[in-house]
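Hi there,

Here is the structure I promised to pass on to you. Please have a look at it first, and then read my notes below.

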Amino acid sequence: MTGLREALAGYLDLRRGLGFKLERDEKLLGQFITYLEQREATTITTADALAWATLPAGASPGWLRMRITVARGFAAYLATLDPSAEVPPASLLPGGTRRAVPYLYSAADIAALLAQTERLRTPLRTATLQTLIGLLTVTGMRIGAALALDDDDFDPGHGMLIVRHAKLGKHRLLPLHPTTVTAVHSYRRLRNQTFPRPASPAWL
């Protein structure tokens, strides 16, 4: 293991200790260090970081900018251990991630979605989709978090939902309006009647 790879292990441990997963970063930085090793480089220079970041032919400016940003983050950490390491400037490459403009559903949009669920083949499918849409509407939770809910994550006594593995791997509590609690009870009653022996603890 080279000094650069040892430093990478320390960098990943530090960032993951703060809650970042860094799966893509680990893969890209492993490739970056391999590139440096092939050139017998023992530290990071701006020139090497730029050359590696721009290797993919025909790549989009956003992808190239993301690669240099990953290299830059590691370089900043390495500079605390090796004063000769160079940190590439943030403005080295143009581009960057452009966030999509969010679409805000109106009350009419939500009503139309709920109406469409009535066309599904079974009452349980209708109730499942209506419950999912309703939860997303009243809580603002992400769809992935909603689909990951288990029965034990619902606390009807306190009118709360436990959202596990939210952003940065944290848990959070979501208060529910009494009408939402009632709707959830109705869904669970239908679900349990249809599947008295569920195959998994999943809520939806």
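Predicted model: local features only at pLDDT ≥ 70, side-chain atom pairs only at ≥ 80, totals over all residues.

**What turned up**

Asp-153 is buried, at 4% relative accessibility, because buried means under 20%.

The partner of Asp-153 is Arg-164: the two form a salt bridge, with the closest N and O atoms 2.6 Å apart. Arg-164 sits in the loop between β2 (160-163) and β3 (172-175), and Asp-153 in the loop between α7 and β1, so this pair ties together parts that are 11 residues apart in sequence.

**The chain as a whole**

The protein chain has eight helices and three strands. Along the sequence they follow the pattern α-α-α-α-α-α-α-β-β-β-α. The radius of gyration is 24 Å, well over the 17 Å that the globule rule gives for 204 residues, so the chain is more spread out than a compact globule. Along its principal axes, the C-alpha trace spans about 65 × 30 × 30 Å. Buried residues account for 31% of the 204 residues.

**More on the salt bridges**

The structure holds five salt bridges. One of them joins the side chains of Arg-16 and Glu-26, at 2.7 Å from N to O. Arg-16 belongs to helix α1 (residues 3-17) and Glu-26 to helix α2, 10 residues apart, and the pair links distant parts of the chain. Arg-16 counts as partly exposed at 32% relative accessibility, and Glu-26 is partly exposed too, with a relative accessible area of 36%.

Another salt bridge is formed by Arg-188 and Asp-151, whose closest N and O atoms are 3.6 Å apart. Arg-188 lies in helix α8 (residues 178-194) and Asp-151 in the loop between α7 (143-147) and β1 (154-155), so the pair ties together parts that are 37 residues apart in sequence. Arg-188 is buried, with a relative accessible area of 18%. Arg-191 comes in here as well: Asp-151, Arg-188 and Arg-191 are linked in a network of salt bridges.

**Rings and the charges over them**

A search of the whole structure finds five aromatic pairs. Phe-32 and Trp-52 make a tilted one, 4.9 Å centre to centre with 40° between the planes. This pair links distant parts of the chain, with Phe-32 in helix α2 (residues 23-38) and Trp-52 in helix α3 (residues 46-53), 20 residues apart. Phe-32 is buried, with a relative accessible area of 0%, and Trp-52 counts as buried at 2%. The ring of Trp-52 also has the charged end of Arg-67 sitting over it, 4.0 Å from its centre. Elsewhere, Tyr-11, Phe-74 and Tyr-77 form one aromatic cluster.

**A patch on the surface**

Which residues form a nonpolar patch on the surface? They are Tyr-103, Tyr-105 and Leu-113, with about 360 Å² of accessible area together. Tyr-103 counts as exposed at 55% relative accessibility, as does Tyr-105 at 52%. Leu-113, which lies in helix α5 (residues 107-117), counts as partly exposed at 37%.

Happy to talk any of this through whenever you like.

Best wishes

Conventions:
Residues numbered from 1 in each chain as written. Heavy atoms only, no water. Patch = residues over 30% accessible without salt bridge, like charges linked within 9 Å, V, L, I, M, F, W, Y side chains within 5 Å. Areas by Shrake-Rupley, 256 points an atom, 1.4 Å probe, with all protein chains shown as cover. Salt bridge = Lys/Arg side-chain N within 4 Å of Asp/Glu carboxyl O. Helix = DSSP H or I, 4+ residues; strand = E, 2+ residues; numbered from the N terminus. Buried < 20%, exposed > 50% of the residue type's maximum accessible area, 1.4 Å probe, protein only. Phe/Tyr/Trp six-rings, centres within 6.5 Å; stacked < 30°, edge-to-face > 60°. Lys NZ or Arg CZ within 6 Å of the ring centre and 35° of its normal. Rg over C-alpha atoms; globule rule 2.2 N^0.38 Å.
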